[in-house]
Amino acid sequence: MLNLEKMMQQSITRFNYMGQKRELLINGNNKKQKIFIKIDTGLSNLATDSKRFSVYTYEQGQIDPNSYKIALLDDFVEILSFTLLYANICNWPDVIIDSQKDIDKIANLKPDSDFNQVYLSIKKMMFNAFYNHSKNDFKFFWKMLLKFILVDFNANADELVKRFEEFTDIR
C-alpha cells in the first residue's frame, strides 16, 4: 500500500542528504525549474519505455519482457519522487497528504483506452500548475498521474513501494 506522506518524507530526506553531500546541481533560483524538468523528462521516458505511444509498429515489437517491467517501475519511481519533492518545495504537501484517502477510489477506476489523451492531459495540467503557480492544477495533475500509474499502467503498489524505498535509501 502506498503511504504518500512517508514517500514524500523519503524524497525530501534523499534530496536534503544529496544537498549536504554537495551532489546537487541546483540552487535557490533554479530548484523548482530543475525538479519540474525532471518530472517532465520522467514522463517522456515513461512514454518512450512503455512503447504505448509508438508511431511505428516495429517499435512495439522491440519490447524485452525481462526489462520492460523494471524500466516502467523505475520511471514511475522517478516521476513520483520528483513530484513529491516538487509539491513540498511549492508548499503544497497537503495536496499529496489529502490524496491518500482517494487512492482506493482511484485504484477502482477503469483504465482509459486512449493513452495519448491521458498523457497529454497530464502534461497540460502539469504545465498549468507550473506556469500559473496553481495548486488546483497541481492537484488535478497529481490525481491524474496516480491514476495513470496505478490503473492505466496497472502498477503493483507493493513493487512500487519497494522500488521507491530502494531509490530513496540514503545508506
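Lys 123 and Asp 40 form a salt bridge, with their closest N and O atoms 2.1 Å apart. A salt bridge here is a side-chain nitrogen of Lys or Arg within 4 Å of a carboxyl oxygen of Asp or Glu. Lys 123 belongs to helix H7 (residues 115-132) and Asp 40 to helix H2 (residues 31-50), so the pair ties together parts that are 83 residues apart in sequence. Helices (H or I, at least four residues) are DSSP runs, numbered from the N terminus.

The model is predicted: local features need pLDDT of at least 70, side-chain atom pairs count only at pLDDT 80 or more, and totals for chains, interfaces and linings use all residues. Residues are numbered from 1 along each chain as its sequence is written, and side-chain values use heavy atoms, with hydrogens and water left out.

The structure holds twelve salt bridges. Among them is the pair Lys 69 and Glu 159, at 3.1 Å from N to O. This pair links distant parts of the chain, with Lys 69 in helix H4 (residues 65-89) and Glu 159 in helix H9 (residues 157-168), 90 residues apart. Lys 147 and Asp 152 also meet through their side chains, at 2.7 Å from N to O. Asp 74, Lys 162, Arg 163 and Glu 166 are linked in a salt-bridge network.

The table gives relative accessible areas; buried means under 20%, exposed over 50%, and partly exposed in between (1.4 Å probe, protein chains only).

| Residue | Relative accessible area | Class |
|---|---|---|
| Lys 123 | 13% | buried |
| Asp 40 | 18% | buried |
| Glu 159 | 29% | partly exposed |
| Lys 147 | 12% | buried |
| Asp 152 | 7% | buried |

Methods:
Helices (H or I, at least four residues) and strands (E, at least two) are DSSP runs, numbered from the N terminus.
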